[in-house]
Amino acid sequence: MRYDDEAKAPDAHGGARRPDALHVPDTADGKQGNSRRAFLRTTSAGVTSAALAATVTAVATSAASAQQTVPATAPEQPSRVRPAGLTKPVTPACSGQETPASIEGPLFKPASPERADVVTPGTQGVRIDLAGVVYDTACTPLPGTLIEFWQCDQNGDYDTSGFALRGHQYTNNRGAYLLRTIIPRDYWGRWGQRAPHIHTQVQAPGSPVLVTQLYFPDDTEAYGRDFAALNAADRLRNRACTIALTARPGGGYSGTFDFVLKTTA
């Protein structure tokens, strides 16, 4: 899946389809149907208890209001404003360092459906919701970026006859994406035993394609596998492409990974 393939895609009557105006969804989740093209403290000793209670109430009300306005699909961005008295800069949301590339592998399959949830009926496994933002190297979010995902299942098998655990989507107007999938398992391939990973192709409009692979932390728990040992033995693994994981109370994980793209050849 690449932007420059769009003019080659046939329409429903078998003829050549002209590229439509770029569609940028407002959110990154939800299935879009099948498509070839279509992510201080403020207290002091002199404050009275009544004033303190009013302050706490105001802060709680403000925080609740802020939570309601944060889009579910867009990761919260840290403030870039340095608070008074802070001697070190705030960690930026984007490093500006280009996401490292990796091999595509032999199991990419074109013409995947456009969808955010790639889990199909019959697929079992440990669920993960993976979210993030796509930036350029100047840390500007990139709306309308195409992201293709494909991976193996909980048994280490890729679906080569259908499109289970395969799909593409576009980042929304904040450059955000959301992928609903499962943790893949390790498997044996032409490069030996591979640690669990998710293949990706990422391309902003008019920009080069980034092909890479996303990996899981050493302490990931899934299928009784030793992720630390699998990661250490995989010579293709790049630690810079490790997903940040948080275990959910009800089971499964939430993950985050931000892509940084070079937008010029």
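## Loop residues, cores and a cavity in a predicted model

Cys152 is in contact with Asp157, Tyr158, Leu165, Pro184, Arg185 and Tyr187, leaving aside neighbours within four places in sequence; contact means heavy atoms within 4.5 Å. The model is predicted, so local features need pLDDT of at least 70 and side-chain atom pairs count only at pLDDT 80 or more, while totals for chains, interfaces and linings use all residues. Residues are numbered from 1 along each chain as its sequence is written, and side-chain values use heavy atoms, with hydrogens and water left out.

**The loop between β2 and β3**

- Cys152 is found in the loop between β2 and β3; helices (H or I, at least four residues) and strands (E, at least two) are DSSP runs, numbered from the N terminus.
- Cys152 counts as buried because its relative accessibility is 1%, where buried means under 20% relative accessible area, exposed over 50% and partly exposed in between (1.4 Å probe, protein chains only).
- The C-alpha atoms of Cys152 and His199 are 9.4 Å apart in space, with the two residues 47 apart in sequence.
- Leu165 has its place in the loop between β2 and β3 and is buried, with a relative accessible area of 3%.
- The phi of Leu165 is near 60°, a positive value in a residue other than glycine.
- Gln154 lies in the loop between β2 and β3 (166–170) and counts as buried at 15% relative accessibility.
- Not counting residues up to four places away in sequence, Gln154 touches Thr123, Gln124, Gly125, Ile182, Arg185 and Tyr223.

**Tyr223**

- Tyr223 is in the loop between β8 and α2 and counts as partly exposed, at 26% relative accessibility.
- Beyond four places in sequence, the contacts of Tyr223 are Gly125, Val126, Gln154, Ile182, Ile183, Pro184 and Arg185.
- The side chain of Tyr223 reaches the backbone oxygen of Ile183 at 2.5 Å, and a polar atom of that side chain lies 3.1 Å from the backbone nitrogen of Val126.
- Tyr223 and Arg185 are 38 residues apart in sequence and 7.6 Å apart in space, C-alpha to C-alpha.

**Nonpolar cores**

- The largest nonpolar core has 31 residues, and Val134, Tyr177, Phe259 and Leu261 have the most contacts inside it; such a core is a set of buried Ala, Val, Leu, Ile, Met, Phe, Trp, Tyr and Cys residues joined through side-chain atoms within 4.5 Å.
- Two or more residues of this core come from each of β1 (127–136), β2 (146–150), β4 (176–182), β7 (197–203), β8 (210–215), α2 (227–233) and β11 (259–261).
- Another core, of six residues, lies apart from the largest one and includes Val133, Tyr135, Cys139 and Ala176.
- Leu261, setting aside neighbours within four places in sequence, is in contact with residues including Val134, Tyr135, Leu142, Val202 and Leu210.

**Second largest cavity**

- About 50 Å³ of space lies in the second largest cavity; on a 1 Å grid over the protein atoms alone, a cavity is a set of points where a 1.4 Å probe fits but cannot get out, and lining residues have an atom within 4 Å of a point.
- Its lining consists of Ile103, Gly105, Pro106, Leu107, Tyr158, Tyr187, Trp191, Arg194, His199 and Gln213.
- By class, the lining has six nonpolar, three polar and one charged residues.

**Ala111**

- Ala111 is found in the loop between α1 (49–69) and β1 and counts as partly exposed, at 34% relative accessibility.
- Although not a glycine, Ala111 has a positive phi of about 65°.

Conventions. 1 Å grid on protein atoms, 1.4 Å probe; cavity = no way out; pocket = protein on both sides within 12 Å on 5 of 7 lines; lining within 4 Å. Points joined across faces, edges and corners; volume = space filled by probe spheres on them. Nonpolar A, V, L, I, M, F, W, Y, C, P; charged D, E, K, R; others polar. Polar contact = N/O pair within 3.5 Å; in protein donor to acceptor, adjacent residues only side chain to side chain.
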